[in-house]
Amino acid sequence: MQRSLITFTVPVLGLLLLALAGCSKAGSHSHSSSSSDHRFAGEYPIKVVCTTGPVAEMVSRIGGENVHVETLMGPGVDPHLYRPIASDISKLHEADVIYFNGLHLEGRMSDLFVQMARNRATFAVTEGLQLRADKRLREPPEFAGMYDPHVWHDVALWSDCVRDVAATLLKFDPTNADAYQQNLEEYLGELSDLDSYCKEEIAKIPADRRVLITAHDAFGYFGKAYGLEVFGLKGISSEEEIDLQHHETIQKMLIKRGIPAVFVESAIAPRTIEALVEPCRDAGHDLKVGGELYADALGPAGTDDSTYTGMIRHNVRTIVKALSDGSGE
Ligand SMILES: [Zn+2]
(Lines give C-alpha, C1' and ligand atoms only; values in the text may rest on other atoms or scores of the structure.)
Protein backbone atom coordinates (compact mmCIF):
# COMPACT_ATOMS: atom_id res chain seq x y z
CA MET A 1 0.00 0.00 0.00
CA GLN A 2 1.16 3.52 -0.82
CA ARG A 3 1.73 5.69 2.21
CA SER A 4 2.06 9.42 2.29
CA LEU A 5 5.45 10.94 3.11
CA ILE A 6 3.73 13.09 5.69
CA THR A 7 3.55 10.08 8.01
CA PHE A 8 7.28 10.46 8.72
CA THR A 9 6.74 13.82 10.32
CA VAL A 10 3.84 12.74 12.48
CA PRO A 11 5.60 11.44 15.62
CA VAL A 12 7.57 14.69 15.86
CA LEU A 13 4.40 16.70 15.40
CA GLY A 14 2.63 14.56 18.01
CA LEU A 15 5.39 15.23 20.52
CA LEU A 16 5.27 18.96 19.79
CA LEU A 17 1.51 19.01 20.37
CA LEU A 18 1.94 17.17 23.64
CA ALA A 19 4.64 19.63 24.68
CA LEU A 20 2.39 22.55 23.79
CA ALA A 21 -0.42 20.99 25.81
CA GLY A 22 1.85 21.42 28.83
CA CYS A 23 1.87 17.72 29.59
CA SER A 24 4.48 17.06 32.24
CA LYS A 25 4.61 13.32 31.84
CA ALA A 26 7.80 13.21 29.81
CA GLY A 27 8.66 9.60 29.15
CA SER A 28 5.10 8.39 29.49
CA HIS A 29 3.96 9.54 26.06
CA SER A 30 2.71 6.95 23.72
CA HIS A 31 4.37 8.53 20.68
CA SER A 32 1.43 7.47 18.58
CA SER A 33 0.75 9.21 15.35
CA SER A 34 -2.14 11.49 14.62
CA SER A 35 -5.15 9.62 13.29
CA SER A 36 -6.08 12.36 10.84
CA ASP A 37 -2.92 11.83 8.80
CA HIS A 38 -3.67 8.26 7.76
CA ARG A 39 -6.29 6.89 5.40
CA PHE A 40 -6.88 3.26 4.57
CA ALA A 41 -6.26 2.53 0.89
CA GLY A 42 -5.67 -1.22 0.86
CA GLU A 43 -7.84 -4.29 0.56
CA TYR A 44 -10.32 -5.33 3.23
CA PRO A 45 -10.19 -6.57 5.89
CA ILE A 46 -7.94 -3.96 7.46
CA LYS A 47 -4.98 -5.71 9.10
CA VAL A 48 -4.87 -4.66 12.75
CA VAL A 49 -2.32 -5.78 15.32
CA CYS A 50 -3.08 -5.21 19.00
CA THR A 51 -1.00 -5.93 22.09
CA THR A 52 -3.47 -7.02 24.79
CA GLY A 53 -6.82 -8.85 24.80
CA PRO A 54 -8.96 -5.91 25.99
CA VAL A 55 -7.47 -3.66 23.28
CA ALA A 56 -7.99 -6.32 20.61
CA GLU A 57 -11.59 -6.83 21.66
CA MET A 58 -12.55 -3.17 21.40
CA VAL A 59 -11.01 -2.89 17.94
CA SER A 60 -12.73 -6.11 16.78
CA ARG A 61 -16.06 -4.98 18.15
CA ILE A 62 -15.92 -1.55 16.51
CA GLY A 63 -14.31 -2.73 13.27
CA GLY A 64 -16.54 -5.79 12.85
CA GLU A 65 -16.11 -7.58 9.52
CA ASN A 66 -13.96 -4.78 8.10
CA VAL A 67 -11.00 -5.61 10.33
CA HIS A 68 -8.83 -8.64 10.95
CA VAL A 69 -7.34 -8.35 14.42
CA GLU A 70 -4.29 -10.18 15.73
CA THR A 71 -3.38 -10.12 19.42
CA LEU A 72 0.25 -10.38 20.45
CA MET A 73 -0.29 -11.15 24.15
CA GLY A 74 -2.63 -14.06 24.85
CA PRO A 75 -4.29 -15.21 28.08
CA GLY A 76 -1.95 -15.45 31.06
CA VAL A 77 0.72 -13.26 29.46
CA ASP A 78 2.22 -10.50 31.59
CA PRO A 79 2.39 -7.33 29.45
CA HIS A 80 4.86 -5.59 31.78
CA LEU A 81 7.49 -8.23 31.06
CA TYR A 82 6.56 -9.10 27.49
CA ARG A 83 9.33 -8.95 24.91
CA PRO A 84 8.20 -9.20 21.28
CA ILE A 85 9.40 -12.26 19.39
CA ALA A 86 10.48 -12.27 15.72
CA SER A 87 7.01 -13.21 14.44
CA ASP A 88 5.47 -10.29 16.38
CA ILE A 89 7.83 -7.89 14.64
CA SER A 90 6.79 -9.28 11.23
CA LYS A 91 3.10 -8.95 12.15
CA LEU A 92 3.66 -5.34 13.22
CA HIS A 93 5.45 -4.60 9.94
CA GLU A 94 2.57 -6.08 7.94
CA ALA A 95 -0.15 -4.26 9.89
CA ASP A 96 -2.24 -1.43 8.46
CA VAL A 97 -2.96 -0.18 11.98
CA ILE A 98 -1.43 -0.92 15.38
CA TYR A 99 -3.22 -0.38 18.70
CA PHE A 100 -1.58 -0.74 22.09
CA ASN A 101 -2.61 0.12 25.66
CA GLY A 102 0.10 2.70 26.35
CA LEU A 103 0.95 4.43 29.67
CA HIS A 104 3.95 2.07 29.72
CA LEU A 105 1.90 -1.08 30.21
CA GLU A 106 3.93 -2.68 27.44
CA GLY A 107 7.12 -1.43 29.08
CA ARG A 108 9.53 -3.38 26.87
CA MET A 109 7.90 -2.43 23.59
CA SER A 110 7.92 1.38 23.90
CA ASP A 111 10.83 1.93 21.50
CA LEU A 112 9.28 -0.42 18.98
CA PHE A 113 6.03 1.60 18.91
CA VAL A 114 7.98 4.80 18.33
CA GLN A 115 9.68 3.08 15.40
CA MET A 116 6.38 1.70 14.03
CA ALA A 117 4.62 5.07 14.27
CA ARG A 118 7.06 6.49 11.71
CA ASN A 119 5.33 4.80 8.81
CA ARG A 120 1.97 3.42 9.89
CA ALA A 121 -1.02 4.40 11.97
CA THR A 122 -0.03 3.49 15.54
CA PHE A 123 -2.26 4.39 18.46
CA ALA A 124 -2.17 4.08 22.22
CA VAL A 125 -5.80 3.60 23.24
CA THR A 126 -5.14 5.64 26.40
CA GLU A 127 -3.67 8.61 24.52
CA GLY A 128 -6.94 10.57 24.59
CA LEU A 129 -7.12 10.25 28.40
CA GLN A 130 -3.63 11.69 28.61
CA LEU A 131 -4.20 14.50 26.13
CA ARG A 132 -7.37 15.51 27.96
CA ALA A 133 -5.48 15.19 31.28
CA ASP A 134 -8.40 13.07 32.49
CA LYS A 135 -8.82 13.59 36.23
CA ARG A 136 -9.46 9.89 36.75
CA LEU A 137 -5.91 8.95 35.72
CA ARG A 138 -4.00 7.68 38.74
CA GLU A 139 -0.47 8.84 39.48
CA PRO A 140 0.84 6.44 42.11
CA PRO A 141 3.88 8.04 43.82
CA GLU A 142 5.89 4.82 43.51
CA PHE A 143 5.50 4.71 39.70
CA ALA A 144 8.11 7.41 39.04
CA GLY A 145 5.76 10.19 37.96
CA MET A 146 3.92 8.06 35.40
CA TYR A 147 0.26 7.16 35.16
CA ASP A 148 -1.07 3.77 36.24
CA PRO A 149 -1.72 1.89 32.96
CA HIS A 150 -4.45 -0.52 34.24
CA VAL A 151 -7.32 1.70 33.06
CA TRP A 152 -9.48 -1.13 31.66
CA HIS A 153 -10.51 -2.14 35.19
CA ASP A 154 -12.70 1.00 35.38
CA VAL A 155 -15.36 0.23 32.81
CA ALA A 156 -16.47 3.86 32.39
CA LEU A 157 -12.89 5.01 31.85
CA TRP A 158 -12.31 2.19 29.37
CA SER A 159 -15.50 3.20 27.55
CA ASP A 160 -13.86 6.56 26.86
CA CYS A 161 -10.89 4.73 25.35
CA VAL A 162 -13.37 2.77 23.21
CA ARG A 163 -14.83 6.08 21.93
CA ASP A 164 -11.33 7.35 21.15
CA VAL A 165 -10.47 4.19 19.24
CA ALA A 166 -13.70 4.44 17.27
CA ALA A 167 -12.77 8.02 16.34
CA THR A 168 -9.42 6.84 14.97
CA LEU A 169 -11.05 4.07 12.92
CA LEU A 170 -13.69 6.45 11.56
CA LYS A 171 -10.95 8.77 10.32
CA PHE A 172 -8.75 5.98 9.04
CA ASP A 173 -11.55 4.34 7.05
CA PRO A 174 -14.37 6.87 6.54
CA THR A 175 -16.01 4.59 3.94
CA ASN A 176 -17.36 2.42 6.76
CA ALA A 177 -18.04 5.20 9.25
CA ASP A 178 -21.72 4.28 9.66
CA ALA A 179 -20.96 0.67 10.48
CA TYR A 180 -18.26 1.66 12.99
CA GLN A 181 -20.60 4.12 14.65
CA GLN A 182 -23.33 1.51 14.97
CA ASN A 183 -20.91 -1.09 16.37
CA LEU A 184 -19.59 1.50 18.80
CA GLU A 185 -23.03 2.28 20.17
CA GLU A 186 -23.83 -1.39 20.63
CA TYR A 187 -20.56 -2.06 22.46
CA LEU A 188 -20.93 1.04 24.66
CA GLY A 189 -24.39 -0.19 25.66
CA GLU A 190 -22.90 -3.48 26.88
CA LEU A 191 -20.17 -1.63 28.75
CA SER A 192 -22.68 0.64 30.43
CA ASP A 193 -24.58 -2.42 31.70
CA LEU A 194 -21.28 -3.90 32.87
CA ASP A 195 -20.40 -0.73 34.78
CA SER A 196 -23.77 -0.84 36.60
CA TYR A 197 -23.26 -4.53 37.36
CA CYS A 198 -19.86 -3.81 38.98
CA LYS A 199 -21.31 -1.03 41.15
CA GLU A 200 -24.31 -3.08 42.27
CA GLU A 201 -22.32 -6.23 43.03
CA ILE A 202 -19.43 -4.64 44.91
CA ALA A 203 -21.95 -2.73 47.05
CA LYS A 204 -23.16 -6.14 48.33
CA ILE A 205 -19.86 -6.71 50.19
CA PRO A 206 -20.11 -5.58 53.84
CA ALA A 207 -18.46 -2.12 53.99
CA ASP A 208 -15.68 -3.12 56.40
CA ARG A 209 -14.64 -5.97 54.09
CA ARG A 210 -14.25 -3.95 50.90
CA VAL A 211 -10.48 -4.46 50.80
CA LEU A 212 -8.82 -6.03 47.77
CA ILE A 213 -5.34 -7.50 48.13
CA THR A 214 -3.62 -8.90 45.05
CA ALA A 215 -0.13 -9.75 43.82
CA HIS A 216 0.58 -6.46 42.06
CA ASP A 217 -1.07 -3.06 42.07
CA ALA A 218 -3.34 -3.59 39.04
CA PHE A 219 -6.72 -2.79 40.61
CA GLY A 220 -6.29 0.84 41.62
CA TYR A 221 -8.82 2.07 39.03
CA PHE A 222 -11.19 -0.77 39.87
CA GLY A 223 -11.09 0.14 43.57
CA LYS A 224 -11.56 3.84 42.89
CA ALA A 225 -14.49 3.26 40.55
CA TYR A 226 -16.36 0.67 42.59
CA GLY A 227 -15.48 1.50 46.19
CA LEU A 228 -12.79 -0.89 47.41
CA GLU A 229 -9.53 -0.18 49.18
CA VAL A 230 -6.80 -1.78 47.10
CA PHE A 231 -3.35 -3.05 48.01
CA GLY A 232 -0.82 -4.86 45.81
CA LEU A 233 2.09 -6.81 47.22
CA LYS A 234 4.15 -5.58 44.29
CA GLY A 235 3.84 -2.15 42.74
CA ILE A 236 2.28 -1.06 39.45
CA SER A 237 4.61 -3.22 37.39
CA SER A 238 4.79 -6.93 38.13
CA GLU A 239 8.51 -6.53 37.50
CA GLU A 240 9.08 -4.94 40.88
CA GLU A 241 10.47 -6.91 43.80
CA ILE A 242 8.36 -7.34 46.91
CA ASP A 243 9.32 -5.00 49.71
CA LEU A 244 9.44 -7.12 52.89
CA GLN A 245 8.33 -4.27 55.09
CA HIS A 246 5.30 -3.66 52.84
CA HIS A 247 4.54 -7.39 52.99
CA GLU A 248 4.55 -7.27 56.77
CA THR A 249 2.36 -4.16 56.89
CA ILE A 250 -0.25 -5.88 54.70
CA GLN A 251 -0.08 -9.03 56.82
CA LYS A 252 -0.70 -7.05 60.02
CA MET A 253 -3.59 -5.21 58.41
CA LEU A 254 -5.21 -8.48 57.27
CA ILE A 255 -5.12 -9.82 60.81
CA LYS A 256 -6.17 -6.58 62.51
CA ARG A 257 -9.11 -5.93 60.21
CA GLY A 258 -10.09 -9.57 59.80
CA ILE A 259 -10.02 -9.42 55.98
CA PRO A 260 -11.20 -12.90 54.92
CA ALA A 261 -9.42 -13.35 51.60
CA VAL A 262 -6.59 -12.36 49.27
CA PHE A 263 -6.46 -13.04 45.52
CA VAL A 264 -3.99 -14.61 43.10
CA GLU A 265 -3.55 -13.23 39.59
CA SER A 266 -3.63 -15.26 36.41
CA ALA A 267 -0.32 -13.93 35.07
CA ILE A 268 1.70 -13.98 38.31
CA ALA A 269 2.93 -17.05 40.23
CA PRO A 270 0.38 -17.88 43.02
CA ARG A 271 3.14 -18.17 45.62
CA THR A 272 3.45 -14.37 45.63
CA ILE A 273 0.07 -14.07 47.31
CA GLU A 274 0.00 -17.49 49.01
CA ALA A 275 2.96 -16.41 51.13
CA LEU A 276 0.50 -14.28 53.13
CA VAL A 277 -1.72 -17.17 54.15
CA GLU A 278 0.46 -19.20 56.51
CA PRO A 279 1.73 -16.36 58.72
CA CYS A 280 -1.87 -15.13 59.12
CA ARG A 281 -3.10 -18.61 60.06
CA ASP A 282 -0.21 -18.94 62.53
CA ALA A 283 -1.46 -15.73 64.12
CA GLY A 284 -4.96 -17.20 64.42
CA HIS A 285 -6.55 -15.45 61.41
CA ASP A 286 -8.06 -17.92 58.94
CA LEU A 287 -7.05 -16.16 55.72
CA LYS A 288 -8.22 -17.75 52.46
CA VAL A 289 -7.07 -17.45 48.89
CA GLY A 290 -10.28 -16.10 47.41
CA GLY A 291 -9.65 -17.29 43.86
CA GLU A 292 -7.87 -16.08 40.76
CA LEU A 293 -8.36 -12.66 39.21
CA TYR A 294 -7.51 -11.54 35.71
CA ALA A 295 -5.30 -8.54 36.38
CA ASP A 296 -3.46 -7.99 33.10
CA ALA A 297 -4.97 -10.40 30.58
CA LEU A 298 -8.29 -11.93 29.54
CA GLY A 299 -9.28 -15.49 30.48
CA PRO A 300 -8.51 -18.63 28.43
CA ALA A 301 -9.92 -18.90 24.89
CA GLY A 302 -13.18 -20.78 24.67
CA THR A 303 -14.33 -19.81 28.18
CA ASP A 304 -16.78 -17.10 29.28
CA ASP A 305 -13.82 -15.22 30.74
CA SER A 306 -12.15 -14.82 27.34
CA THR A 307 -14.05 -11.59 26.60
CA TYR A 308 -13.60 -8.23 28.29
CA THR A 309 -17.06 -8.29 29.87
CA GLY A 310 -16.61 -11.95 30.88
CA MET A 311 -13.24 -11.17 32.46
CA ILE A 312 -14.60 -8.23 34.48
CA ARG A 313 -17.65 -10.24 35.57
CA HIS A 314 -15.42 -13.12 36.66
CA ASN A 315 -13.32 -10.74 38.77
CA VAL A 316 -16.39 -9.14 40.36
CA ARG A 317 -18.04 -12.51 41.12
CA THR A 318 -14.83 -13.88 42.63
CA ILE A 319 -14.23 -10.80 44.79
CA VAL A 320 -17.84 -10.54 46.01
CA LYS A 321 -18.06 -14.21 46.90
CA ALA A 322 -14.76 -14.38 48.78
CA LEU A 323 -15.11 -11.12 50.67
CA SER A 324 -18.81 -11.54 51.49
CA ASP A 325 -18.82 -15.00 52.98
CA GLY A 326 -15.12 -15.50 53.58
CA SER A 327 -15.04 -18.80 51.72
CA GLY A 328 -12.66 -19.29 48.80
CA GLU A 329 -13.74 -20.60 45.44
ZN1 LIG B 1 -0.19 -4.97 35.61
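How many helices and strands does the protein have? The protein has 12 helices and eight strands, these being DSSP runs numbered from the N terminus (helices H or I, at least four residues; strands E, at least two). The model is predicted, so local features need pLDDT of at least 70 and side-chain atom pairs count only at pLDDT 80 or more, whereas totals for chains, interfaces and linings use all residues. Residues are numbered from 1 along each chain as its sequence is written.

**Burial and core**

- Of the 329 residues of the protein, 45% count as buried; a residue is buried if 20 or more other C-beta atoms, placed from the backbone, lie within 10 Å of its own, exposed if 12 or fewer, and partly exposed in between.
- The largest nonpolar core has 82 residues, and those touching the most other members are Val48, Val59, Ile62, Tyr99, Val162 and Val165; such a core is a set of buried Ala, Val, Leu, Ile, Met, Phe, Trp, Tyr and Cys residues joined through C-beta atoms within 7 Å.
- Helix H6 (residues 155–172) gives the most to this core, with eight residues.
- Domain 1 (5–197) and domain 2 (203–325) each supply at least three residues to this core, the domain bounds coming from an automatic or database domain assignment.

**Packing of helices H7 and H12**

- The axes of H7 (residues 177–202) and H12 (residues 308–325) come within 10 Å and cross at roughly 5 degrees; axes are lines fitted to C-alpha atoms, for helices over the stretch in contact, with angles from 0 to 180 degrees between N-to-C directions.
- H7 is therefore roughly parallel to H12, a term for angles under 35 degrees.
- H7 contributes Glu190, Leu194, Tyr197, Cys198, Glu201 and Ile202 to the contact, and H12 contributes Thr309, Ile312, Arg313, Val316 and Val320; two residues are in contact if their C-beta atoms, placed from the backbone, lie within 7 Å.

**Backbone features**

- Most residues other than glycine have a negative phi, and most peptide bonds are trans.
- The peptide bond from Tyr44 to Pro45 is cis, with omega near -5 degrees, and Pro45 lies in the loop between helix H1 (10–20) and strand E1 (46–50).
- His104, not a glycine, has a positive phi of about 65 degrees; His104 is buried, with 26 other C-beta atoms within 10 Å.
- Ala133, also not a glycine, has a positive phi of about 45 degrees; Ala133 is exposed, with 12 other C-beta atoms within 10 Å.

Technical notes: Parallel < 35°, antiparallel > 145°, perpendicular 65-115°, else oblique.
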